[in-house]
Each structure stands twice: as C-alpha cells, then as structure tokens.
Amino acid sequence: MTTTITIPQKAENKIVPESQTQLEITAEIQPESEPQKVISLEEFLVKPADRMEWVDGHLVEKTGMTFKHSLAQSKLARYWGNYKDSSGQGGEVLTEILCRTNKQGRRPDVAYITPELLPQSGNFTAFFQSFPLIAEVASPEDSGEELFAKAQEYLESGCLEVWLLFPEARLIFVNAGNRWQLFNADEVVNTQTVLAGFSVAVSELLA
C-alpha cells in the first residue's frame, strides 16, 4: 500500500500596507457608540427637537420632503389661512407644530386651531391635544397604512377632521370621525366639520 503525504509549503511573507494596518488598529481601539438616550414624552414636549416626533419612546425625524409635498403643504396652509380670514371664523393655521396625541408627540404637516382653543398667551411649544383640523401630505417614503393609522390616532385624541393628501396620485381622503371620503383629481374637496364652507378643486391643490 502506498501512502502519500503532502507537506505544506512555507507561507510566503506578505507585506501589509501601512494604511491597512492603521485602519485595523483604529477599528480595534475605537470605542463603541453610546446608546441613544431614551426620554419620556413629557421631557420631549417641554423641549422638543426640531423636525422630530416622539413615537413609542424614540425620536423620529420627519424626512422625505419633495417638491410636490412641499407645494401641497404650502398651498393648503395658504388656502385655509385665507379662508379663515375671509369667512370671519378666525383661529390660526399652523405647519409642523407639535401636538400631543393619546400615544405620541406629532407634528402635522398642516393644522387649524379654532379661536376657542387658542391659548390666551398666544404662544405654545406643544398643543395639549390633536388640533381640530389636520392635514398630512404623503411623501414617497410614507406608507398608506402608516398614514391612515396616524390619522386614526389624531381622531382619537381630539381631532374632528383629518385630510390625507397624496400628491403623486392626486387623491385626497377626508375623515370627519365617521368614514373616509375619497376625492379624485376631477372633484372638489370640502371641509366636513371644521372651518365650515371651505372647498377647493383637487386638481388646483395638487397640481
């Protein structure tokens, strides 16, 4: 019987670039990043961070703003603002101002607050409930399921009417607490409960 024995060759000495060695050493001695500090909703509402919402104990930045999103937001804020003045209903129209729902700290894209609910001081960091009339504009990063869930959260926290705008699809959904109504591009959307009498063509708002 013949037995074959393989003798491994001596490994060649490889030259490791100095830059690679430095990177490996740096990676080894680099300290681990500190975990994100968890703050309570009460702490966040007292001193909220810009463009941040408080969701399930975590700070979530509002991102995904596109030209169409920004245009729809600014148009609706302007239209609601002009109408509350011309109709004499008063109040204020706000954009991305913090409010407290039953669960989270949210920043609606557009919100209308009635004169009765305006603080006497005329200033606040976070509203104590959902605003009476709220609009959220869908961005490409938003999922429809999340937006409808957020709308339901608003309605359960003092909001009387919610608008969901979908600029890409040119659709608007409105819920005044009972059911969703769909408005297509060739229709006119109108308020159901708050800011009574306001209406605008969907094609004009989401042009």
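Arg 106 has a relative accessibility of 10% and therefore counts as buried, a label for residues under 20% relative accessible area, with exposed meaning over 50% and partly exposed in between (1.4 Å probe, protein chains only). This is a predicted model, in which local features need pLDDT of at least 70 and side-chain atom pairs count only at pLDDT 80 or more, while totals for chains, interfaces and linings use all residues. Residues are numbered from 1 along each chain as its sequence is written, and side-chain values use heavy atoms, with hydrogens and water left out.

The side chain of Arg 106 meets that of Glu 153 in a salt bridge, at 3.0 Å from N to O. A salt bridge here is a side-chain nitrogen of Lys or Arg within 4 Å of a carboxyl oxygen of Asp or Glu. This pair links distant parts of the chain, 47 residues apart: Arg 106 belongs to strand β5 (residues 105-106) and Glu 153 to helix α4 (residues 144-155). Helices (H or I, at least four residues) and strands (E, at least two) are DSSP runs, numbered from the N terminus. Glu 153 is also buried, as its relative accessible area is 8%.

Turning to the rings, aromatic pairs are rings of Phe, Tyr and Trp (its six-membered ring) with centres within 6.5 Å; planes under 30 degrees apart count as stacked, over 60 as edge-to-face and the rest as tilted. The count by this rule is 10 aromatic pairs. Among them, Phe 127 and Phe 131 are stacked, because their ring centres lie 4.8 Å apart and their planes stand at 5 degrees. Phe 127 and Phe 131 are both buried. Trp 163 and Phe 198 make a tilted pair, because their centres are 6.2 Å apart and their planes at 45 degrees.

Trp 163 sits in strand β9 (residues 161-166) and Phe 198 in the loop between β12 (188-190) and β13 (199-201), so this pair ties together parts 35 residues apart in sequence. Trp 163 is buried at 0% relative accessible area, and Phe 198 is buried at 4%. Together with Trp 80 and Tyr 83, these two residues form one aromatic cluster.
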